[in-house]
Every structure is written in C-alpha cells, then in structure tokens.
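I opened this structure to look up a few things and write them down. The entries below follow the order in which I checked them.

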Amino acid sequence: MKSEIKPTVINERDSAESSNPSQEFPQPRRLARRSFLRNLGMGAALLAPGAALLGSASKALAANGRQRLNAGDVAILQLLAAAELIEADLWQQYKELGGVDSPESGYRAGLEILDGDQPQYISDNTDDELSHAAFLNAYLRSKGERQVDLRQFANLPPSQVSFVPQTGRLTNLKQLTVDTSWWTRYRSTTNPDFGATFPNAVPSLNIGLHTAIPRNDDELGDPNNPSDHVKAIAFTAGFHFGYIEQGGTSLYATLAQKVTSLEVLRILLSIGGSEIMHFQTWQDKAGNATSLTDVDPINNSTVTFIDLTTGQPETLQANLIMPEPCEFISRNLPPCAIIRPSGPGQLDARGAINSFIADGLFRGQPPQFFQLLNSLASAADAAEREVGD
Ligand SMILES: [Fe+2]
Ligand SMILES: [Fe+2]
C-alpha cells in the first residue's frame with residue numbers, strides 16, 4: 001500500500017507554489033451556477049498550479065496542514081478524478097448539441113420528447129461533472145498529491161455539426177454499443193452481486209455501433225418535424241445517459257468501502273449521491289422514447305425502440321423508476337431497495353473502466369490511454385481500508 005503510482009500524465013507534486021490555504025481552497029463565490037461553471041471549465045481545473053513544495057520534514061502533512069492521505073485513498077481519488085474527466089468530456093458534447101444553450105434542432109426536439117426539460121438537465125449534469133473533476137483534483141492538490149490530467153488524450157474528433165467547437169475530445173459518442181441491462185436490473189428482485197444477469201431493455205442498442213449525437217449538419221434534423229433517424233439518435237442518447245450514470249452510481253458505492261479517511265468517505269458518499277441523482281433522472285426520462293426503427297447508414301446498424309409506457313412486464317415498465325427491493329448482503333435477509341451492484345468484481349474501478357471500454361467511449365484512443373486508465377483502476381481496486389491508525 002505504500003508504493004505510489006506515477007502515471008506520466010499526473011502533474012508533478014513538487015512544482016513550487018504557495019502553501020497559503022486560501023489558495024488551496026478558493027473562497028466560494030456567489031455567482032450564478034451556470035456562469036460559474038462555464039468559467040470553471042475542465043481545462044481550468046487542470047491548469048491550476050501544482051501542490052505546495054513539501055520538505056522532507058513535512059511529508060506527513062498535506063499542503064493544508066492536515067494529515068496526508070494513505071496510498072489507497074490517493075489511488076481511489078485519482079481514479080475517480082479520471083472518471084469524472086471522462087464524464088465531463090462526454091457530457092460537454094451532449095451539452096453542445098442538446099443543452100439549454102444549444103440551437104433548436106431535430107436532435108434537441110427528439111430529446112424533448114423524452115422530457116421538455118431535457119436540455120436543462122443535460123446542461124446541469126455537465127456542470128456537475130465539471131465540478132466533480134475540478135473538486136477531486138483540487139482536493140488531491142490540497143493534500144500534496146498528484147492531480148489527473150488527461151488533456152494529452154483529448155484528440156478524438158468531435159461532431160462535425162457547424163456550431164460544435166472543433167476541438168479534440170477524450171470520448172467518442174458516435175460509435176457506441178450501449179448496454180441497457182441496467183434498466184431491467186433495477187426492476188428486478190435479483191442482484192448482480194449474487195451473480196444475477198439481466199436482459200437489455202433495448203436489445204438492438206447493445207448490438208453493433210450507434211451514434212448518440214448528430215455527426216454533421218444534415219443529421220441535426222428539423223426542430224418542427226424531427227425524423228425517425230434523428231429521434232433514434234436522441235433516444236440512443238437518452239439511454240446512454242442512464243448507462244453512464246448507473247456506472248458512476250455503483251463505482252462510488254463500491255470504492256467507498258475501501259477508503260480510510262473519513263473525509264474521503266464523505267467525498268465519495270457526497271459525490272456518489274450526486275451520481276445517483278443523475279441516474280434517477282435519466283432512467284425516468286429514457287422510458288418516454290416512442291416506438292420506431294431506424295437504420296444508420298454510417299454505422300450500418302439498426303435500432304428499434306418500443307413504447308415502454310404501456311403493456312410491458314414489470315422488468316420493462318417505464319414508470320417503475322424506484323429501485324425494486326432485491327437480495328442484498330445475504331439471501332437470508334429480507335429484500336432491500338438499494339443501488340446495485342456494490343460488491344467487488346462488478347462496477348469497481350476496473351469493472352467501470354472495462355464497461356466504458358465495451359461501451360465504445362474510447363474508440364480511437366491509443367494504447368497508452370488504456371494503459372493509464374488500467375493502471376489507475378488497478379491501483380484503486382487494490383486499496384484496502386486501514387482502520388485503527
Ligand atoms: Fe460525476
Ligand atoms: Fe455522473
């Protein structure tokens with residue numbers, strides 16, 4: 001547990017900077033939520049200076065004068081910082097095309113079929129992820145630990161839609177294979193921690209490649225008469241939102257069981273709770289997709305959505321959005337309404353990263369990117385709760 005991971009993209013701990021606590025924890029500002037987060041941005045967090053220069057005599061103390069974290073807590077926070085940067089990148093792409101400030105389009109109209117407030121929710125989910133990434137990196141820095149910086153891997157091409165900034169991205173939303181079994185998992189009385197598996201709610205999304213964003217201006221569609229093609233792209237996004245956030249929900253619950261510091265536990269429970277709120281929102285909306293079948297000529301794939309609001313078994317019924325009580329801890333105990341999975345070997349760090357890889361999020365990234373994520377995930381999963389210190 002004492003060995004340190006030193007991925008090359010982590011900022012150097014020893015870059016000189018004032019140890020003034022006020023610089024480690026910026027004063028809260030009374031700015032409007034959106035303007036604050038717009039100014040914050042993902043890049044801004046990563047441009048923040050490194051941690052205070054620590055002398056050998058002060059190695060037990062963080063830059064803010066508090067006790068240093070153990071290696072396991074640092075590994076968990078670094079993995080989560082990477083996951084949040086990934087979330088922020090993909091949500092930023094959704095926000096550009098379907099957020100509250102996006103131009104009217106068939107895509108946006110398709111999202112609004114799921115819920116009229118969908119653009120607002122997309123913008124706010126994006127802001128939340130930016131804040132998670134920035135906070136986790138700032139917290140690592142405040143403890144004298146290395147921050148996570150993935151900017152060197154932000155080279156994937158964005159949507160070619162004319163109003164989308166043509167800057168490199170970390171994630172690929174144009175060739176996804178979306179696992180929608182989370183939908184039936186949360187409507188089931190069984191639990192993946194006991195080995196249960198679940199069918200997909202939208203089986204065709206889990207086969208072949210699908211885009212969740214319009215790839216060019218032609219695909220943006222007519223805001224007043226969205227085609228089935230652009231609606232299919234929007235509905236794919238709607239189920240992808242839930243897929244992403246159920247992953248975060250289980251990841252935080254799983255890793256929280258490995259942390260040592262009570263303050264780090266507080267961070268994981270509190271940010272993890274935010275992921276749960278995201279997930280619950282999206283699983284309420286995705287079920288409003290309307291029946292259609294669409295063939296995507298670019299990915300050469302077909303997707304079929306059915307009306308989940310009427311005539312469905314309980315494992316598919318759209319309005320059953322509260323977690324069905326299921327087996328938990330022991331089959332000798334009564335069923336319990338919980339988030340799941342939360343046990344080892346499911347959506348732990350490696351499980352979550354492998355799931356994102358299978359989703360196609362990183363299609364086009366070089367081997368070094370996967371090596372970095374795997375090393376961060378392995379270190380986080382190797383963390384062990386240390387008690388009695
Ligand atoms: Fe997040
Ligand atoms: Fe999230």
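**Entry 1: the whole chain**

I began with burial: of the 389 residues in the protein, 47% are buried. I note here that the model is predicted.

I then looked up the secondary structure and found ten helices and two strands. I read the order along the sequence as α-α-α-α-α-α-α-α-β-β-α-α.

I also checked the contacts between residues at least 6 apart in sequence, and 77% of these join residues at least 24 apart.

**Entry 2: the two strands**

How do strand 1 and strand 2 pair, and over how many bridges? I found residues 292-296 (strand 1) and residues 301-305 (strand 2) paired in the antiparallel sense, over five bridges.

I looked up two of the facing residues. Leu292 has Phe305 of strand 2 opposite, and Asp296 has Ser301 of strand 2 opposite.

The two strands form a hairpin, with four residues between strand 1 and strand 2. In the turn I noted Asn300, whose phi is positive, about 55°.

**Entry 3: helix 4**

Which residues of helix 4 are buried? Helix 4 covers residues 106-114, and I listed Gly106, Tyr107, Arg108, Gly110, Leu111 and Leu114 as buried. A residue needs 20 or more other C-beta atoms within 10 Å of its own to be listed so.

I kept one general point beside this list: an α-helix has 3.6 residues a turn, so residues three or four places apart point the same way.

Next I asked what the buried residues of helix 4 pack against. I found helix 3 (71-98), helix 5 (118-142), helix 7 and helix 8.

**Entry 4: helix 4 against helix 7**

I took one of these pairs further. The axes of helix 4 and helix 7 cross at roughly 55° and come within 8 Å. The angle makes helix 4 oblique to helix 7. I recorded the crossing of helix 4 and helix 7 as right-handed.

Which residues meet here? From helix 4 I wrote down Gly106, Tyr107, Gly110, Leu111, Ile113 and Leu114. From helix 7 I wrote down Val230, Lys231, Ile233, Ala234, Phe235, Ala237 and Gly238. By class, the contact of helix 4 with helix 7 has nine nonpolar residues, three polar and one charged.

**Entry 5: helix 7 against helix 8**

Helix 7 runs over residues 228-256 and helix 8 over residues 262-286. Their axes are 8 Å apart, and the packing angle is about 155°. Helix 7 and helix 8 are therefore roughly antiparallel to each other, since angles over 145 degrees count that way. The crossing of helix 7 and helix 8 is left-handed. I sorted the residues of the contact of helix 7 with helix 8 and got 14 nonpolar, eight polar and three charged.

**Entry 6: helix 9 against helix 10**

Helix 9 (residues 349-359) packs with helix 10 (residues 367-382) at about 150°, and their axes are 7 Å apart. This pair, helix 9 and helix 10, is therefore roughly antiparallel as well. On the helix 9 side, the contact uses Ala349, Arg350 and Ile353. On the helix 10 side, I noted Leu373, Asn374, Ala377, Ser378, Ala380 and Asp381. The contact of helix 9 with helix 10 comes to five nonpolar, two polar and two charged residues.

**Entry 7: two loop residues**

Phe328 lies in the loop between strand 2 and helix 9. Why does Phe328 count as partly exposed? Phe328 has 18 C-beta neighbours inside 10 Å, and therefore falls in that class. Along the chain Phe328 and Asn191 are 137 residues apart, but their C-alpha atoms are separated by 7.2 Å.

Thr189 is in the loop between helix 6 (181-185) and helix 7. Thr189 counts as exposed, because it has 12 C-beta neighbours inside 10 Å. With neighbours within four places left aside, the contacts of Thr189 are Glu324, Pro325, Cys326 and Pro335.

Definitions and conventions:
Residues numbered from 1 in each chain as written. Chains lettered and ligands numbered in written order. Predicted model: local features only at pLDDT ≥ 70, side-chain atom pairs only at ≥ 80, totals over all residues. Pairing = 2+ DSSP bridges. Contact = placed C-beta atoms within 7 Å. Axes fitted to C-alpha atoms, helices over the stretch in contact; angles between N-to-C directions. Parallel < 35°, antiparallel > 145°, perpendicular 65-115°, else oblique. Left-handed = near helix turned anticlockwise from the far one by under 90°. Nonpolar A, V, L, I, M, F, W, Y, C, P; charged D, E, K, R; others polar.
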